[in-house]
Amino acid sequence: MVMVKAFRAVGTFRSGVKNQPFTMDLVADDESGAMEYVYSNFGSRHGVKRRFVVVSSMDEIDPSESTDPRVISAFRE
């Protein structure tokens, strides 16, 4: 059984001619899985190519720090 972890991604993505900052809390098995989720999320929601999504930091966080419903649900006891 693979234990999932909570991650916080911080960075920017291109929106028109400006770079839009973002912070996203997510659940993934490892850091590469979390990066894949970030890329696929901006691709599907905003139509942004991967090269225009810049992740400046990807840190593992304590799930109790997050207010994102997906993180809360994944670590509910």
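A salt bridge is a side-chain nitrogen of Lys or Arg lying within 4 Å of a carboxyl oxygen of Asp or Glu. Glu 36 and Arg 50 form such a salt bridge, with their closest N and O atoms 2.6 Å apart. Glu 36 belongs to helix 1 and Arg 50 to the loop between helix 1 and strand 3, so the pair ties together parts that are 14 residues apart in sequence.

The structure is a predicted model, in which local features need pLDDT of at least 70 and side-chain atom pairs count only at pLDDT 80 or more, while totals for chains, interfaces and linings use all residues. Residues are numbered from 1 along each chain as its sequence is written, and side-chain values use heavy atoms, with hydrogens and water left out.

**Overall architecture**

The protein chain contains 2 helices and 3 strands. Helices (H or I, at least four residues) and strands (E, at least two) are DSSP runs, numbered from the N terminus. Along the sequence, these elements follow the pattern β-β-α-β-α. Taken along the principal axes, the C-alpha atoms of the protein chain fill a box of roughly 45 × 25 × 20 Å.

Burial is judged by relative accessible area: buried means under 20%, exposed over 50%, and partly exposed in between (1.4 Å probe, protein chains only). Of the 77 residues in the protein chain, 27% are buried. One of the residues in strand 2 is Met 24, which is buried with a relative accessible area of 10%. Met 24 and Phe 7 are 17 residues apart in sequence, and their C-alpha atoms are 8.2 Å apart in space.

**Salt bridges**

Side chains of opposite charge can pair when their charged atoms come close. The structure holds 4 salt bridges, including those in the table.

| Asp 25 | Arg 8 | 2.7 Å |

The salt bridge of Asp 25 with Arg 8 links distant parts of the chain, as Asp 25 is in strand 2 and Arg 8 is in strand 1 (residues 5-15), 17 residues apart. Asp 25 counts as buried at 10% relative accessibility, whereas Arg 8 is partly exposed at 23%. In the pair of Glu 36 and Arg 50, Glu 36 is partly exposed at 39% relative accessibility, and Arg 50 is partly exposed at 42%.

Asp 68 is found in the loop between strand 3 (53-61) and helix 2 (69-74).

**A negative surface patch**

Asp 29, Asp 30, Glu 31 and Asp 59 form a negative surface patch. Patch residues have over 30% relative accessible area and no salt bridge, and like charges are joined within 9 Å. Asp 30 lies in the loop between strand 2 (18-28) and helix 1 (31-46). Asp 30 is partly exposed, with a relative accessible area of 37%.

Note on methods: Patches are made of residues with over 30% relative accessible area and no salt bridge: like charges are joined within 9 Å, nonpolar side chains (Val, Leu, Ile, Met, Phe, Trp, Tyr) within 5 Å. Accessible areas come from the Shrake-Rupley method with a 1.4 Å probe; for residues, only the protein chains shown count as cover. Lys and Arg count as positive and Asp and Glu as negative; His and the chain ends are not counted. The place of a charge is taken as NZ of Lys, CZ of Arg, CG of Asp or CD of Glu.
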